[in-house]
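This report describes a single protein chain, from its overall make-up down to individual residues. Please read it alongside the sequence and the model shown here.

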Amino acid sequence: MAKNGLGQVPAIPMASRHMSYWDMFATWVGANANNGTWYIGGVIAACGFLTASTTLIISGIVSYLLLAAASFMGYKTGLTAMTLTRASFGLRGSLLPSVINLVQFIGWAAVNTFIAATSMSFLFHDLFGWPVFGKPGGTMGLAVGIFVMSIFHLLSISLGQRSVQMIERIGIVLVFIFVIWESIVVFKTVSFHQIVTWRAPRNLRMTPGAAIDVLAAFNLAWVTAASDFSRFTGVRKNATQASFLGANLGLFWFAFIGVIATIGTAITLNHFDPNNSDPSTIASKLGLGFLAMIVIILTSTTANAVNLMSAGSALTNMTRRLSLTVSLWVVTLVATAVTFLPIFVASFLTVFTAFLDGIGMVLGPEIGIFLVDFFWLRKQRYEIEDFTKVHGQYWYRGGVNWIAIFVWAVSVACYIGLKHVPMVADTIGATFVVILISMILYGLLMNFAQKRA
């Protein structure tokens, strides 16, 4: 474990890594088999079943190939994701990706907590007769639900990576039972033909490009957390293959359930409202009842164990003084406060959509830069001792790689510009195009700078 005035690099040696293939697979299935993924499926249902399914598969495969690559970095070095960005952004420049990761994973934790708290408001309605959230007086049930979920989250991360591993093992079983149950109920209510041929009202319809950007923002969040878990395994296949397959399985199955449940509910009620895409509302309207709400709450805990671990890791890299345990408590409490935001600002869907757009804009370039740095420029070799060394090879100028910062800023500007070009925004989306731009631009500029040096 290297250490100096810039803090420590918690590299995990191979002999201390005991995370199995099943543990890694379960971690990434559990990360995606949750309320947020269901809600994403409900959002892209506005494309229609066939377009939503196609974009789901394409986006998942591309995104999680990047996840597998980032997982390999953690396996190879034993370092956390945000520590690894010191090599490409500089020892001090890594503050930028750390802030991005901190904000996005606190945001995702808040999203899952809000959805789970909505489920709790339905439980409180059944138990105590309180109004459900969305009805007059329903805010009380939601607020109590948020506080209860926060206690669950504090318990789930209390032992760090070990408790996350335990939570995922339990959660994956519950998730599979629930999605099978949900599928049976949906197809008893409506036929597959009805779901395939359903179309959203024109004013609510989503383009394929918009769906790809929504899914990319959701999927790519995990890429910047990959090393936080793959560094606990000493087998390459566990890091890469298990991550890729687990994340895709969780995404395809649960988002698919979100798509068909949302469309099935719209057909049954003869009314489509994207604001009602959350699992609690749909489960209630499909008559799934008390047990479904409990499973939704538990799956939120499995997903947030990963979110909070990654946010805590980012905070530790930023402060370089706080331990991971303290950081986990801090980010959990902050996420609790953020969860209340949709109550006072706008509808949950409005806040969620704005959050996704912001994530896609800033996250893609970061991923392109740190992957190209490791696989192309450094040939998969990082010097661990230099991750804390002032004036070492990752110090650049004043601790910041200004080329990485420049490429990131240019790529963000490209994203904003491409979102206003219908030929791109409505067809293939801006996110993956911008990742490619950042990769090429960073690789060329760094090669040029190295030759001049």
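## Overall make-up

Of the 453 residues in the chain, 59% are buried; buried means under 20% relative accessible area, exposed means over 50%, and partly exposed lies in between, with a 1.4 Å probe and protein chains only. The model is predicted, so local features need pLDDT of at least 70 and side-chain atom pairs count only at pLDDT 80 or more, while totals for chains, interfaces and linings use all residues. Residues are numbered from 1 along each chain as its sequence is written, and side-chain values use heavy atoms, with hydrogens and water left out.

The chain has 19 helices and two strands. Both kinds of element are DSSP runs numbered from the N terminus: helices are H or I over at least four residues, and strands are E over at least two. Contact means heavy atoms within 4.5 Å. Among contacts between residues at least 6 apart in sequence, 84% join residues at least 24 apart.

## Helix α5

Helix α5 covers residues 95–128, which is 34 residues. From its first C-alpha to its last it reaches 47 Å, close to the 50 Å expected at 1.5 Å a residue; the expected span is 1.5 Å times one less than the number of residues. Because 26 of its 34 residues are buried, α5 is largely enclosed by the rest of the structure. The residue that follows α5 is G129, with a positive phi near 80 degrees.

I115 is placed in helix α5. Its relative accessible area is 1%, so I115 is buried. I115 and L142 are 27 residues apart in sequence, and their C-alpha atoms are 9.4 Å apart in space.

## Packing of α2 and α11

Helix α2 (residues 35–44) packs with helix α11 (residues 236–269) at an angle of about 50 degrees, and their axes are 7 Å apart. That angle makes α2 oblique to α11. Axes here are lines fitted to C-alpha atoms, for helices over the stretch in contact, and angles run from 0 to 180 degrees between N-to-C directions. Angles under 35 degrees count as roughly parallel, over 145 as roughly antiparallel, 65 to 115 as roughly perpendicular, and the rest as oblique.

The crossing of α2 and α11 is right-handed. A crossing is right-handed if the near helix is turned clockwise from the far one by less than a right angle, and left-handed if anticlockwise. On the α2 side the contact is made by N35, T37, W38, G41, G42 and I44. The α11 side contributes G250, L251, F254, A255, I257, G258, V259, A261 and T262.

## Salt bridges

Side chains of opposite charge can pair when their charged atoms come close. A salt bridge is a side-chain nitrogen of Lys or Arg within 4 Å of a carboxyl oxygen of Asp or Glu. By this rule the count is four.

K419 and D213 form a salt bridge with an N to O distance of 3.0 Å. This pair links distant parts of the chain, 206 residues apart: K419 is in the loop between α17 (402–418) and α18 (422–425), and D213 is in helix α9 (residues 208–220). K419 is partly exposed at 29% relative accessible area, whereas D213 is buried at 4%. D213, D357 and K419 are linked in a network of salt bridges.

A salt bridge also joins the side chains of D373 and R378, at 3.5 Å from N to O. Both of these residues, D373 and R378, are buried. The side chains of D386 and K389 meet at 3.1 Å, N to O, in another salt bridge. D386 is buried at 10% relative accessibility, and K389 is partly exposed at 38%.

## Residues in loops

L79 is in the loop between α3 (49–77) and α4 (81–89). With a relative accessible area of 0%, L79 is buried. L79 and I12 are 67 residues apart in sequence, with a C-alpha to C-alpha distance of 6.8 Å.

H391 is in the loop between α16 (348–377) and α17, and Y396 lies in the loop between α16 and α17. H391 has a phi near 70 degrees, a positive value in a residue other than glycine. For Y396, also a residue other than glycine, the positive phi is near 55 degrees. H391 is exposed at 67% relative accessibility, while Y396 is partly exposed with a relative accessible area of 25%.
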